[in-house]
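Hi everyone, thanks for coming.

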Amino acid sequence: MKTTLVLFLSACLYAAATRSQTGAKNVSVDNVTLSDGKIVVQQICTSDAAANEITSLKKEVKQLKEVLLQRLDELLRRLGKDESTSGQGDLFNGPLSFWLNGTDSQVSLRGSARYGEQDGRTALYLDGSSGAFAETPSFPIYRTSLTIAVWIKMKSSGAQYAVYGDWSYPWSFRLFIDPSSHFCAQARNTAGKDIFRFCTRDAVVVNKWTHVAMTWGRTQGTVRLFMNGEMNVSRKVTRRSKDFMNSGHSVFDIGLKRDSRTTAHAYFSDLMVFSRELRFSPIKNVNEIKEYLVLKHPLSKDSVGTVGV
């Protein structure tokens, strides 16, 4: 449900209070609306000085937004560092953040893939047509604990949709939505055998933003799937060989099952990859995915509070 926060702040009174020397006349009270991260001035004051102040205020808001995004990125990077995983074979410096809003220099669009507005946010849109997907560079996740998380808004169901992965010979790992709309994860070891392959109990709801995530604790062999920050299902891996297959491929795919060339029909936002298993402990009341990636995210207000069918 969309919400609009109306700040009972008069841009004109703000001008009068902070720029009294301008001599502004006919100052009136006008609401400034903050809607989905955008400032909308409902009425324009007759004073030129006030109009200039509105422009200045918009610039200040834009600068503040940039600062907040930088601080969020710093927070995520601190979250991705964990000395306790140093013995687990971490081979890349996480986290990697792909905002999927057109600002990522390392995300390549293919076919009809494009960025579009959805629920007040710019997101990656894949229309399900042949050849419509996106790519990120590959990185060495094969011998490390791992967390992969992304926001997805499915536009249709009834087919298998790739979310993110490296899924063509010699198959390595993938996150996907199955034909029953369940979120699934699969990974194969260096012998080409499944390390794990399983799906959530609950289904992703079409036309609603859903945050999906997988955590992989390589040392303990624990893999968990999350939906909207809640741990949905967990598995304990018994295979001795827990290293993911190193395919040697130079890219990982968003929305593409490369071996069959099938594509997804969905919006994607904020793909995050951490070089550790984000902490989860019901006993200690710890859930880093929910705390840092879901509850504080703007899309959480448009997501499904209780997942299921």
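**A cavity, a strand and some rings**

Let's begin with a lining: the residues around the largest cavity divide into 7 nonpolar, 1 polar and 4 charged. Here Ala, Val, Leu, Ile, Met, Phe, Trp, Tyr, Cys and Pro count as nonpolar, Asp, Glu, Lys and Arg as charged, and the others, Gly among them, as polar.

Before we go on, some ground rules. This is a predicted model, where local features need pLDDT of at least 70 and side-chain atom pairs count only at pLDDT 80 or more, while totals for chains, interfaces and linings use all residues. Residues are numbered from 1 along each chain as its sequence is written, and side-chain values use heavy atoms, with hydrogens and water left out.

Now, what is a cavity? On a 1 Å grid over the protein atoms alone, it is a set of points where a 1.4 Å probe fits but cannot get out, and lining residues have an atom within 4 Å of a point. Grid points are joined across faces, edges and corners, and the volume is the space filled by probe spheres set on the points. The count comes to 1 cavity of 30 Å³ or more, and about 50 Å³ of space lies in the largest cavity.

Which strand gives the most to that lining? Strand 10 does, with 5 residues. Strands, by the way, are DSSP runs of E with at least two residues, numbered from the N terminus. Strand 10 (161–166), strand 11 (173–177) and strand 18 (256–257) each supply at least two lining residues. Among the lining residues are Y164, R174, F176 and K257.

Two of those residues meet again: R174 lies over the face of F176, at 3.8 Å from the ring centre. A charge sits over a ring if NZ of Lys or CZ of Arg is within 6 Å of the ring centre and within 35 degrees of the ring normal.

Staying with rings, those of Phe, Tyr and Trp (its six-membered ring) pair if their centres lie within 6.5 Å; planes under 30 degrees apart are stacked, over 60 edge-to-face, and the rest tilted. That gives 12 aromatic pairs. In one of them, Y164 and F173 have ring centres 6.3 Å apart and planes at 65 degrees, so the pair is edge-to-face. Both Y164 and F173 are buried, meaning under 20% relative accessible area, with exposed over 50% and partly exposed in between (1.4 Å probe, protein chains only). Ring pairs link F139, Y164, F173, F196, F198, W216, F244 and F252 into a cluster.

Strands pair if DSSP finds at least two bridges between them. Strand 9 (residues 146–154) runs antiparallel to strand 14, joined by 7 bridges, with W151 partnering H211. Strand 15 (residues 222–227) also pairs with strand 14 in the antiparallel sense, over 6 bridges, and V212 stands opposite M227.

Finally, some backbone details. The peptide bond from Y169 to P170 is cis, with omega near -5 degrees, and P170 is in the loop between strand 10 and strand 11. N228 has a positive phi of about 50 degrees although it is not a glycine, and N228 is buried, with a relative accessible area of 8%.

Note on methods
On a 1 Å grid over the protein atoms alone, a cavity is a set of points where a 1.4 Å probe fits but cannot get out, and a pocket is an open set with protein on both sides within 12 Å along at least five of seven lines; lining residues have an atom within 4 Å of a point. Helices (H or I, at least four residues) and strands (E, at least two) are DSSP runs, numbered from the N terminus.
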